[in-house]
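Student: Could you walk me through reading a few local features in a model? I'd like the general idea and then the case at hand.

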Amino acid sequence: MEGAVLALVNQERAAAGCAPVVADAGLAGVARAHSADMRDRNYFSHTTPEGLDPFARARAAGVGYARAENIARGQADPAAVMQSWMDSPGHRANILDCSLTKLGVGVAEGPRGPWWTQLFG
């Protein structure tokens, strides 16, 4: 599912005249951890219950180049989550920000999920 999200992001970026983003293992690790944390501790936010934002979480994992995050919950598949993000002005702006060049996607399955995180660099 993560690879499908990356492919859909790059389709949208191409249509908007942006270069593709490349998969980044460091960003993906942070994204996967956040999706799993939201699932496991039953919250839905860019900020953890301890107050760590996406950039603090990335720095703590040794990833100093995170620049934008999109999250979602409950969409059944990559097409549905991408439609949800593209229908939201803020999420759409992150996807279509031509200055961003890297992407990590993390999906966590579970009740009330799946949980989706995109972390761009």
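Student: Is C98 buried, exposed or partly exposed, and how do I read that?

Tutor: Look at the relative accessible area: under 20% is buried, over 50% is exposed, and partly exposed lies in between. This is a predicted model, and in it C98 has a relative accessible area of 43%, so the residue is partly exposed. C18, on the other hand, counts as buried, at 8% relative accessibility.

Student: Which residue does C98 pair with in a disulfide?

Tutor: C18, with the two sulfurs 1.9 Å apart. The structure holds 1 disulfide. As for where it sits, C18 is in the loop between helix 1 (2-15) and strand 1 (22-23), while C98 is in the loop between helix 5 (89-95) and strand 3 (102-108), so the bond ties together parts that are 80 residues apart in sequence.

Student: What is the handedness of the disulfide, and why?

Tutor: Check the torsion about the S-S bond: for C18 and C98 that is about -75 degrees, so the disulfide is left-handed.

Student: And how do I read aromatic rings?

Tutor: A pair of rings is described by the distance of the centres and the angle of the planes. Here the count is 0 aromatic pairs. There is a charge over a ring, though: K102 lies over the face of Y65, 4.7 Å from the ring centre.

Student: Where is H34, and what does its side chain touch through a polar contact?

Tutor: H34 belongs to helix 2 (residues 25-41) and counts as buried at 2% relative accessibility. Its side chain makes a polar contact of 3.4 Å with that of R57. Leaving aside neighbours within four places in sequence, H34 is in contact with residues including Y43, E69 and T117.

How values were computed: Residues numbered from 1 in each chain as written. Predicted model: local features only at pLDDT ≥ 70, side-chain atom pairs only at ≥ 80, totals over all residues. Heavy atoms only, no water. Disulfide = S-S within 2.5 Å. Helix = DSSP H or I, 4+ residues; strand = E, 2+ residues; numbered from the N terminus. Buried < 20%, exposed > 50% of the residue type's maximum accessible area, 1.4 Å probe, protein only. Phe/Tyr/Trp six-rings, centres within 6.5 Å; stacked < 30°, edge-to-face > 60°. Lys NZ or Arg CZ within 6 Å of the ring centre and 35° of its normal. Polar contact = N/O pair within 3.5 Å; in protein donor to acceptor, adjacent residues only side chain to side chain. Contact = heavy atoms within 4.5 Å.
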